[in-house]
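Subject: A structure for you to look at

Hello,

Here is the structure I promised to pass on.

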Amino acid sequence: MQVYIVGAGAGDPELITLKGHRLLQAADVIIYAGSLVNPALLDFAKAGAEIHDSASMTLPEVIETIEKAVAKGLMVVRLHTGDPSIYGAIQEQMDVLKKKNIDFEVVPGVSSFLATAAALKQEYTLPGISQTVIITRNEGRTPVPEREKLRSLASHQATMCIFLSITMLSDVVEELIAGGYAPDTPIAIVQRASWPEQKIVRATLETIVAEIADKGIDRTAMIVVSRCLGADYELSRLYAPEFSHMFREASK
């Protein structure tokens with residue numbers, strides 16, 4: 001295998017997987033998403049590795065760079081932020097590589113919505129509160145199907161992790177309340193989860209816009225909306241003394 005599409009993790013260089021770290025160390029050519037990937041990850045690259053920042057590249061330019069490397073027998077790592085399967089725009093890259101008969105492997109990574117939960121020290125799926133996590137985004141330049149608009153998804157009252165929408169926060173709040181979330185529903189915004197400059201702001205839907213006004217949060221931020229944020233909840237049955245399962249008999 002010469003081409004690897006690797007999830008870099010949410011930002012902290014130690015959150016890349018062991019496999020991703022190994023491949024990054026071995027790569028002859030690295031194409032990384034410079035607008036999002038922590039450049040500290042490039043410290044893992046070997047001396048002499050050819051490094052390209054894809055922030056200023058087009059899809060044809062990325063593919064051409066990969067093609068030239070493969071033709072020379074070089075190993076390529078295409079480094080994406082978080083997990084590449086979530087808003088990573090990798091499908092179009094993979095489809096072109098398939099058409100050109102260039103084989104590749106995808107290596108998953110730690111998504112920012114998971115690093116956000118860690119930053120908040122919060123479980124998204126609390127018994128009696130929410131057992132569903134919705135990963136979505138507000139409609140912007142990229143259209144969203146009608147059935148997946150925030151107003152529609154809000155009817156589920158599930159934990160919602162909203163990507164790529166912090167610059168439209170007022171619209172996000174309006175849609176969520178219109179869809180069924182109460183104005184006092186807890187909301188948390190985490191900018192650059194796991195990075196040294198990480199910021200966390202907690203509020204409610206009705207107060208969050210004013211709360212972040214002077215915080216300098218304008219990009220790379222995750223929005224989490226859920227009653228699980230600071231809620232009372234039922235304890236898990238998994239560890240209840242009176243609960244039996246295949247690994248433990250209930251206490252009498």
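Let me begin with a cysteine: C161 has a relative accessibility of 0%, so it counts as buried. Please keep in mind throughout that this is a predicted model.

Does C161 have a bonded partner or none? C161 is in no disulfide, and the nearest cysteine sulfur, 8.3 Å away, belongs to C228. In case the term is new to you, a disulfide is a covalent bond between the sulfur atoms of two cysteines. To count as one, the two sulfur atoms must lie within 2.5 Å. C228 is likewise in no disulfide, with the sulfur of C161 as its nearest cysteine sulfur. C228 is buried too, because its relative accessibility is 1%. A search of the whole structure finds zero disulfides.

Next, the aromatic rings. How many aromatic pairs does the structure hold? There are two.

One of them joins Y87 and F163: their ring centres are 5.1 Å apart and the angle between the planes is 50°, which makes the pair tilted. These two residues come from distant parts of the chain, 76 residues apart. You will find Y87 in the loop between strand 4 (76-80) and helix 3 (91-99), while F163 is in strand 7 (residues 159-163). Are the two partners buried or exposed? Y87 has 40% relative accessibility, so it is classed as partly exposed. F163, at 8%, counts as buried.

The other pair is made by F113 and Y124. Their ring centres are 6.4 Å apart and their planes meet at 10°, so this pair is stacked. F113 belongs to helix 4 (residues 112-120), and Y124 to the loop between helix 4 and strand 6 (133-137), so the pair ties together parts eleven residues apart in sequence. F113 is buried, with a relative accessible area of 12%. Y124 is buried as well, at 7% relative accessibility.

Finally, there are charges placed over rings. Y87 turns up again here: the charged end of R137 sits over its ring, 6.0 Å from the centre. In another place, the charged end of R192 sits over the ring of W195, at 4.2 Å from the ring centre.

Enjoy exploring, and write back with any questions!

Best wishes

Terms used: Residues numbered from 1 in each chain as written. Predicted model: local features only at pLDDT ≥ 70, side-chain atom pairs only at ≥ 80, totals over all residues. Heavy atoms only, no water. Phe/Tyr/Trp six-rings, centres within 6.5 Å; stacked < 30°, edge-to-face > 60°. Helix = DSSP H or I, 4+ residues; strand = E, 2+ residues; numbered from the N terminus. Buried < 20%, exposed > 50% of the residue type's maximum accessible area, 1.4 Å probe, protein only. Lys NZ or Arg CZ within 6 Å of the ring centre and 35° of its normal.
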